[in-house]
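Please open the model in your viewer and keep the sequence beside it.

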Amino acid sequence: MQHNGRITMANLGHRGRFGNQVFQYAFLRIYADRHGLRLQTPRWIGQYLFGHSEPRITEKPPTTVTQVDLKNAFSSQEPPHVDADFNSQFMSNMKNYEPYKAKFVSLFQPVPPISTIVEAGMEKLRKQGKTVIALHLRRGDFLNARFAKHPRNFPIPNAWYLNWLAELWPRINKPVLYIASDDLKAVLPDFVAYRPVTAADVFPEFPSEPKFVRIDPSIYPDFYVMTQSDALAISNSSFSFAASLLNERCWKFMRPHKSGKLVPYKPWKSDVRLNLR
């Protein structure tokens with residue numbers, strides 16, 4: 001049904017990092033399309049990477065929405081919120097998004113100039129082995145005392161990934177290990193026996209301009225590899241979880257569990273993030 005109302009998210013591009021913004025935009029676009037609403041956004045990294053071009057916000061709507069029932073927002077015949085500015089994370093169990101899986105995936109495909117670069121890098125990576133195994137080892141703000149207090153926020157020990165690799169590696173035909181991390185110097189030494197590849201090895205000239213608020217586009221190659229890997233072990237992070245949702249070739253998805261190890265998961269049947277302690 002077509003409505004004359006509009007929705008906005010004034011802090012899109014400012015609230016959270018790349019993974020958070022994927023879920024924020026996905027909700028906004030799916031909700032707007034589902035109910036025939038006009039969407040206006042500020043400038044954000046998705047315009048550069050994925051070619052999104054919604055009109056800029058002309059005036060902030062009178063209502064601010066901070067809590068959203070995703071299932072109701074998508075399934076209701078009438079939109080629960082019209083002429084509203086959203087300020088939420090929109091992360092829940094992905095069963096709520098699964099009916100819109102094709103739409104979700106289509107929203108985060110790189111524009112031609114970017115796809116040319118990342119596809120070339122991926123081809124270079126695949127020449128090093130038949131099976132690409134990608135790991136995401138998040139450190140960064142998880143080491144910050146304020147963030148680390150939350151039960152979802154702590155750096156997963158390298159040993160969890162090493163234990164999984166020790167079991168998997170001998171059974172794989174010509175594997176190549178790719179490591180994505182915001183602190184490579186701290187994590188790479190533990191994986192040296194696997195001769196890991198990083199973004200610097202296969203994407204040496206990925207552009208970092210233009211600069212976006214809080215987000216440097218040069219983080220995208222790590223994200224892209226995780227969308228294309230054959231096996232993927234993520235951290236407890238929306239960044240790598242979002243990548244797993246876009247990966248349509250992966251046969252093994254693994255994530256940290258409070259049992260103290262990596263466990264299999266199904267991206268489109270799972271919560272985005274877990275409490276691990």
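Helices (H or I, at least four residues) and strands (E, at least two) are DSSP runs, numbered from the N terminus. This is a predicted model, in which local features need pLDDT of at least 70 and side-chain atom pairs count only at pLDDT 80 or more, while totals for chains, interfaces and linings use all residues. Residues are numbered from 1 along each chain as its sequence is written, and side-chain values use heavy atoms, with hydrogens and water left out.

Staying with α1, colour by burial: 16 of its 18 residues are buried, so the helix is largely enclosed by the rest of the structure. Here buried means under 20% relative accessible area, exposed over 50%, and partly exposed in between, with a 1.4 Å probe and protein chains only.

F90, with a phi of about 60°, sits in the loop between β4 (84-86) and α4 (101-106), and F90 is buried, at a relative accessible area of 3%. R195, with a phi near 50°, belongs to the loop between α8 (184-187) and α9 (199-202), and R195 is exposed, at 71%.

Move on to strand β5, residues 131-137, where 7 of the 7 residues are buried, so the strand is largely enclosed by the rest of the structure. In a regular strand the side chains alternate between the two faces of the sheet. In β5 both faces are covered, with T131, I133, L135 and L137 buried on one side and V132, A134 and H136 buried on the other. β6 (residues 175-181) runs parallel to β5 and is joined to it by 7 bridges, with P175 as the bridge partner of T131. β7 (residues 231-233) is also parallel to β5, through 3 bridges, and there L232 stands opposite A134.

Finish with helix α5, residues 112-126, and look for its buried residues: I114, S115, V118, G121, M122 and L125. Seen down the axis of α5, these fall within an arc of 135°, so they line one face of the helix; the arc is that of the directions from the helix axis to the C-beta atoms. The face turned away from this buried side carries the exposed residues P112, P113 and T116.

Key
Pairing = 2+ DSSP bridges.
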